[in-house]
Amino acid sequence: MPTFKNLNDLMNYVKKATSDSMPELGKELEEIMKEEIQTQVYDAYNPSTYDRTKQLLNSVETTNVSDNSVEVSWRDNGDWTSYAGKHMYVIHGLEMGKTYGVGGYRPKTNLVEESYRRAKNEIPKKYKAEMKKRGIPIK
């Protein structure tokens, strides 16, 4: 870490390091969310009436990055339809237990809750690692 002439210079350095780390934190959060989709949806069953497009996995993306925060979302960017043939936001259907498969409705997921729980645990560790990479001795 460089030396600083005053507290203001130190604070500016830390703010810049934080800002520079946000894209990496976004990537980490995207991975958490994608891993939950993989585990709770894709690994939970194999479809027999359609081929997977991976649209759900690809719906996870960083939607906003600022100097001190990052937002990652499940986008409604698929061509998903309900059993009745109407457009549906599949995350909502999965979380509410309203997705239909062979044999009836599938159990609801907890993609949001589990991603949030993991993020609370994993993102601070990633932030600390990013700060250390930038020369800030954070514990």
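Q: How many nonpolar, polar and charged residues does the lining of the largest pocket have, by class?
A: The lining has 14 nonpolar, 9 polar and 6 charged residues (Ala, Val, Leu, Ile, Met, Phe, Trp, Tyr, Cys and Pro count as nonpolar, Asp, Glu, Lys and Arg as charged, and the others, Gly among them, as polar). The model is a predicted one, in which local features need pLDDT of at least 70, side-chain atom pairs count only at pLDDT 80 or more, and totals for chains, interfaces and linings use all residues. Residues are numbered from 1 along each chain as its sequence is written, and side-chain values use heavy atoms, leaving out hydrogens and water.

Q: Which residues lie nearest the centre of the largest pocket?
A: A pocket is an open set of 1 Å grid points over the protein atoms alone, where a 1.4 Å probe fits, with protein on both sides within 12 Å along at least five of seven lines; lining residues have an atom within 4 Å of a point. Here 29 residues line the largest pocket, and Tyr 45, Tyr 50, Thr 81, Tyr 100 and Arg 106 lie nearest its centre.

Q: Why is the pair of Phe 4 and Tyr 13 called tilted?
A: Rings of Phe, Tyr and Trp (its six-membered ring) pair if their centres lie within 6.5 Å; planes under 30 degrees apart are stacked, over 60 edge-to-face, and the rest tilted. The structure holds 1 aromatic pair. The ring centres of Phe 4 and Tyr 13 are 5.3 Å apart and their planes are at 55°, so this pair is tilted.

Q: What confidence does the protein average?
A: The predictor's confidence in each residue is pLDDT, from 0 to 100. The protein averages 92, and 99% of the residues score at least 70.
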